[in-house]
Amino acid sequence: MTVPTPQRPPPTPEQPAAALVGVLPLQQNKVVLVIDLVESVRLMAANEATVVGHWHRFMQHAQSVVLPQWRGRLVKSLGDGLLAEFSSASDAVHAALACHRFFDPVNTTLAGDHQLHLRAGLNGTHLYVDASDVYGHGVNLAARVASLAGPGETMVTANIRDGIVDGVDGELEDMGESYLKHWPEPVRTWRVRPAERLGVVPSKAPLPPTQEDLRPTIAVIPLDCSTGLDEHQVIGELIADGVIAQLSRSRQMRVISRLSTTAFRGRGAQLSEIQAHLGSGYVLSGSYSVLGDRVVVMAELSDARRSDVVWADRVVGSIADLLQADSQLIRELTDSASQAVIENTVQRATVLPCPQLDSNALLLGGIALMHRSTARDLERSRELLEAVTERHRRVATPWAWMAKWHVLNIIQGRSGNAPSEFRQAIDIADRALDLEPHSSLALAIKGHVQCHLGTQLDESRQLLLQATDANPNDHTAWLYAGFWSTMWGDPADAVRESERALALSPLDPQRFFIEMLVAHSYLMANDLTKTIELCQRSLQRNRYYLATLRVLMTAQFESGQVEQARATLKQLLTLQPDLTVAKFLAYGSQSPIRQRAAMAMTGLGLGH
C-alpha cells in the first residue's frame, strides 16, 4: 500500500477558490501510523465477500475500541489499510499491537493461506493537520517503513524508538538501515513485538546477602506537570534529578537510575507494574503546578509491595531555587521521603548546579547519541557535548561524558590515533575531577580509560573503587569496576560487579552497552552460554556495536560454533572493512580477553 502525500481537493462550485485563500492546516508534531492488510489483492480474489466482512469488522473495532483507548484519530480508511495519527509514540505503538491482535481468533478458523495479517509502520514527524486529513512527507515515510514489516509485524523509525521504552511498550529489535523508495538517505528501523517479560534480567550470580544489598530500593518517577505547558515539562525531570542525586549519597538506600525511572513519567502506571520493571520497593511520585515563578509540588511515597501510601505532602518553592547548588525544595522532598523509608536522616551532599533547561537537553542528547554507534550519530553526539562544555566550563558532568565519548570513539574503531586519543580522554577526565574531586562519574571514566590502556593498573582500580564508594548507586561506576576485573582481575569479581550495574539500571536506554560489558565478564569467567545469550540480547537493541560483535564472535569460536563465529566476523567486517588482527590489538591494552578475541579472529582466517 502506498500513501501519497495528500493534496487538497479542488474547490466545488459552492466553494470557490477564493474561499480557500489563507485557510491552512495547523503545523503539529504527530506520530503517524500506517496499517495495511498483507496480500489483500490475493485474499480478495479468493474470497472477496468474506475478506471485506472481516475488514469491515476490524475497522469498526479500530474506530470504536483501539483508537479511543490509545488516544488516536482515524485520518482515513484506505480500502485495505488505515492511516491514523497520535500525539504519543507510546500510544501509537500500543494501538498498532492491539490492531494486530484483532485477527488472532479469526485466524484459528482459517487455513494458513487464507489467514489475515496486518503490517504496520510508525513515524514521528512534523505534519500539517486539519479536521479531515494530514499533510507532509512524513506520512510517506510511515508507509515506506510499513512495507518493511512482515505479516503481523510493526516497524518504527528512530524518533519513535526514542519515544518508547524497551521492555515496557514492547520488545525492540534493531533492524539496521534500509534504502527506501523515493527516500534520499537510508532509514534506520526497529521491529516492535509485544512486551513479554517483566523485571530485571535474572542473574546466575546473585549478589551476596550483605547488609548493603538488603537496603530498601527507591525509584523516583519524574513528576507530572498539572499545567500541561511544554515549557514546564522539564521541571519534573529537574526535581527528580536533584532528589535522586541526594538520595544516592546515602549508604542506607539503593536508588534506581533516572534514565530508567523516566520511562514511567506520565503513564499512570500501577505500582505493581513499576515494581515489576524496576525492582523497587518504594516509589516516589506526584505532580506539580507552576504559578508564575513558584512551583507547587504534591508528592507521595508508596510502598509498591503493599500499594500503601507511606507519606504525602505539599512542598512549595521557586524555579530559581531548583537551579541552586543546595536547593531548599529538593532538600525538603529528599529529607521527608528518606525519613519515611528509614529512621535516620539521609546524608546530604551538595547537589551539582543544574544547567539551563536547553543545556540539559544538550547533555542528555549527547549521552543518548554517543551510544547509537553509527558514525553520523557519534559525530552529532560530539557536537552536542562540545556545546554544553563550552556553555558550562565549570561543571564537571559534561566534561566527564566528553571523556567517555573519546573512549567510545576508540572502541568503535573510529579513532585515527588511539594512543593519542586515550591521553586526551584522561586529560578531559582530569579536568572534570579538578572541578568535582568526588564525582563518581569522572572517577569511573578516568579509571576506565586507564583500564583500556593497561597502564597504572593499581591507580585505575583505586579510582574505580573510589567511584563506587563516592556513590554506591552509580551503575556506571560498578559497570567499569566490573570491566576492570574482567580485563585484569578476578572473574568472580567481574561477574558480581557487572551484575550490580545491570540491577541498578533495569530500563536504561543504553542497556545494550551494559549488557555488552556484562557479557565480557561472563566470557572471562568462561560461561560461554551466558556470554552468547547476553550478546544476542544486546544486539537486539543495537546491532551495530562492534564490541558486542567481537565478544559474541569470541564466545562462539571458543564454544565450537565456528560457522556462527564466521557469520559474526562477516558482520564485523561489513561495519569495519579495514579490520585486521594487528589493528584490533593496536586499539588498546594487551589484556587476556583481547588476546582471546585476537586468537579467535586468527582462527577464523582474519589477516594480520
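Mentor: Happy to. Keep in mind that this is a predicted model. Let's begin with the charged pairs: searching the whole structure turns up 24 salt bridges.

Trainee: What counts as a salt bridge?

Mentor: The general idea is a side-chain nitrogen of Lys or Arg within 4 Å of a carboxyl oxygen of Asp or Glu. Take arginine 461 and glutamate 497: their side chains meet in a salt bridge, at 2.8 Å from N to O.

Trainee: Which helices do arginine 461 and glutamate 497 lie in?

Mentor: Arginine 461 is in helix α16 (residues 457-470), while glutamate 497 is in helix α18 (residues 491-504), so this pair ties together parts that are 36 residues apart in sequence.

Trainee: And is glutamate 497 buried or exposed?

Mentor: For that, look at relative accessible area, where under 20% means buried. Glutamate 497 has 2% relative accessibility, so it counts as buried.

Trainee: What does aspartate 493 form a salt bridge with?

Mentor: Aspartate 493 pairs with arginine 496, and their closest N and O atoms are 3.7 Å apart. Both belong to helix α18, and because they are 3 residues apart there, about one helical turn separates them.

Trainee: How far apart are the closest N and O atoms of lysine 583 and aspartate 578?

Mentor: They are 3.2 Å apart, and the two residues form a salt bridge. Lysine 583 is partly exposed, with a relative accessible area of 36%. Aspartate 578 is also partly exposed, at 42%.

Trainee: Which residues are linked in a network of salt bridges?

Mentor: Here a network joins Glu153, Glu173, Arg191 and Arg193 through salt bridges.

Trainee: Now the cysteines. How many disulfides does a search of the whole structure find?

Mentor: The idea is to look for a pair of cysteine sulfur atoms within 2.5 Å. In this model, the search of the whole structure comes back with 0 disulfides.

Trainee: Is cysteine 99 buried or exposed?

Mentor: Cysteine 99 is buried, its relative accessible area being 3%. Cysteine 535 is buried as well, with a value of 0%.

Conventions:
Residues numbered from 1 in each chain as written. Predicted model: local features only at pLDDT ≥ 70, side-chain atom pairs only at ≥ 80, totals over all residues. Heavy atoms only, no water. Buried < 20%, exposed > 50% of the residue type's maximum accessible area, 1.4 Å probe, protein only. Helix = DSSP H or I, 4+ residues; strand = E, 2+ residues; numbered from the N terminus.
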